[in-house]
Amino acid sequence: MNGVTTTGAGGLRSVPQQDQAQRRSKLFLKTLFAILAGGAAFFVTNVLNEDDGDLWQWTMSIVLGCATLIVQLLVDFGERLEAVQESQKRRIRDMKDSLSSHHTEMRAAVDESFAKINAATELYSKVDGSVLRSDEVTRLVLGYTKVGEQGADIVKAFAEEELGRLALLMENLGNGTADCPGENHEWLIDLTKCVKRTLFATSTSVDRDFWSSEPARRYLAAQETAIKTRRVQIRRVFLVDEESEVTGSLRQLCERHHKFGIDARIAVRAQLEPTAQMNSLNDFIVFDGELCYETEPDIHVMPAKTTLKLTREHVEERINRFNVLWEATEPDHAPEPAQTPAPAPEPDGGSAVTHPAGPRRAP
């Protein structure tokens, strides 16, 4: 075996063979030193008292040698006792530090947990007290949690990106303005699905190609639904700079809007009154007189940026611009009346009498 097992203050521990050799060497040196001390005592007593017998000299030599050995052992024991005491003090001090650190960590963890609970409670209270639908917020959180638990890495990364974009949109809407690169057709269609009273829009050459795209089909369908189901008043002005830009395709586009129940007109800027000849402006759509959807063109006259603005001053300025343009144009063709579903018969076979129950239109 390479060592033996001893019992100390810290319990059972293994003593290496090297430590045993060192202890034996120290014990041998102590014994040798005691023998030398006894021999020296024997020599001194023999020199000082030559007449006496050897018994007293041997007694003194043995007593002095034993005393020397005992003193060495006591000194070694004292050193070991001090080392043990210092080790115990250090261990107790480390234990106190560890307990104190653990207590601090536990307290910080508890405080953090309670802070998160308080924050979550406060957040849920705000969501529950908001005019917005709290069940949709709960649905979003549950869906995001499910993706985090079961989704792949690419799905998790995509979910985080979309959630960050949604959070940024909510923050920007709360501050009164939001924007995104390019033309956001989903914003346009979703806002049309939400409009309740009026939709006033301008259309310049920037978005002329848009009307032949698939999003335009969904956009017009959403407007038709708004007109038929919610009695939304929709007006659109197609703006051109010169009479030569009023082509057959533009007139056909205007007629197509009429078939959807949209009141559409064509305005030639050069033929308008000076008060209506405004500088070139971005395409804009005002929803319910409360929110303005605008697109900004780039150097190639393509939509480069979409902006949502909710500030009262900006929305009112856009409404005034639209009214000036609208009053300066004449309708080419009246829009076809929106088809409303026939009233359902009453259970007794009679006909129910219905009245328009849509929201009041803005002037």
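Here is a quick tour, from the whole chain down to two spots.

This is a predicted model, where local features need pLDDT of at least 70, side-chain atom pairs count only at pLDDT 80 or more, and totals for chains, interfaces and linings use all residues. Residues are numbered from 1 along each chain as its sequence is written, and side-chain values use heavy atoms, with hydrogens and water left out.

**The whole chain**
- You'll find 8 helices and 9 strands here (DSSP runs numbered from the N terminus: H or I of at least four residues for helices, E of at least two for strands).
- Of the chain's 363 residues, 27% are buried, meaning under 20% relative accessible area, while exposed is over 50% and partly exposed is in between (1.4 Å probe, protein chains only).
- Take the contacts (heavy atoms within 4.5 Å) between residues at least 6 apart in sequence: 65% of them join residues at least 24 apart.

**Around Leu-250**
- Leu-250 sits in helix H7, which covers residues 248-259.
- Leu-250 counts as buried because its relative accessibility is 4%.
- Leaving aside residues up to four places away in sequence, Leu-250 touches Arg-208, Phe-238, Val-240, Glu-245 and Ile-266.
- Leu-250 and Ile-266 are 16 residues apart along the chain, and their C-alpha atoms are 8.5 Å apart.

**Around Arg-93**
- With 42% relative accessibility, Arg-93 counts as partly exposed.
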